Amino acid sequence: LYSSMIHAREWIAGEVNRRLLEWFIKGWREEKPDVVNILNSTELWFVLVQNPDGYQYTFDGDRLWRKTLRDNDPDGPGPLVPDNLITGVDGVDGNRNYPEHWNFDDEGSGTITSDETYRGPAAASEPETQAMIGLMQTIHPKYHISYHSFGNLLLYPFGFQVNTPSADDPIYVACAGTDKKPAVQGYNPGVGADLYTTNGEQTDYAAAVEGALAITPELGEGNQASGFEFPDSEGEVQHEFLINKDFAVAAARSAADPDNPVSPVKLTTQPFYLNTATV
């Protein structure tokens, strides 16, 4: 399962995911052996825009809008034009709304509606969340790649608490690589909470409830350090896709035997970690 755009402003995430889908389709049509072998044995699911209303609003109202368009006031949603009734108190952060350590604390998600990480009134309260949960419960993904921006990171569970790697940590290290050998050029892999804590988060839910191996690529911001407004440059967009492609394809190739992933940096899954003493 490849998903993107749970946060409305992260346009590059949706475009990298779209180009990945297109790459698989073209490879199938052109009978590329690596693509044909994957698609003959593995179902690939793509959700390009998880937050369609918020995404539309980044065109019609606020380019840097992050959340959904839940009317928290309530004063009516208004038409999607700049003088509408959508304000900063509206919206829910879909990536804090999942029923996995939802409302665990006020650091990993917001309790007030104006917070950009507002978790919503209840776990899985949002239709977007319910739709993705329904999809996961239907397809039971072995791997879940959830594209975000920005940060040049490869994050994996758990995010709700610091210093809390999952029991699957050796598999994640093989998938995402290490600081010296990252699976995506120039990215820093690690446990999600190493960046900051998150609760009610999508990949934590996919891992804890569905048993998926779930990884969040936090894509780059372009050569001009453009933040969430990735440059409208074909060369830079294609570069971001290409440096992420091998990692994404490796996840698809790994679905048949998830515990022993096809590592893009040729790492193997260690049975356990061992720290040795010299004396």
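Let's start with the layout: the chain has seven helices and six strands. Helices (H or I, at least four residues) and strands (E, at least two) are DSSP runs, numbered from the N terminus. The order, from the N terminus on, is β-α-α-β-α-α-β-β-α-β-α-β-α. The radius of gyration is 19 Å, close to the 19 Å from the globule rule for 279 residues, so the chain is as compact as a globular protein of that length. That radius is taken over C-alpha atoms, and the rule is 2.2 Å times the number of residues to the power 0.38.

A word on the source. This is a predicted model, where local features need pLDDT of at least 70, side-chain atom pairs count only at pLDDT 80 or more, and totals for chains, interfaces and linings use all residues. Residues are numbered from 1 along each chain as its sequence is written, and side-chain values use heavy atoms, with hydrogens and water left out.

Next, burial. Of the 279 residues, 51% count as buried, meaning under 20% relative accessible area (1.4 Å probe, protein chains only).

Contacts, now: heavy atoms within 4.5 Å. Take those with a separation of 6 or more: 72% come from residues 24 or more positions apart.

Where does N51 lie? In the loop between β2 (46–47) and α3 (52–60). N51 is buried, at a relative accessible area of 1%. The side chain of N51 reaches the backbone oxygen of K67 at 3.0 Å. Beyond its neighbours within four places in sequence, N51 is in contact with M5, I6, A8, R66, K67, T68 and E128.

Conventions
Buried < 20%, exposed > 50% of the residue type's maximum accessible area, 1.4 Å probe, protein only. Polar contact = N/O pair within 3.5 Å; in protein donor to acceptor, adjacent residues only side chain to side chain.
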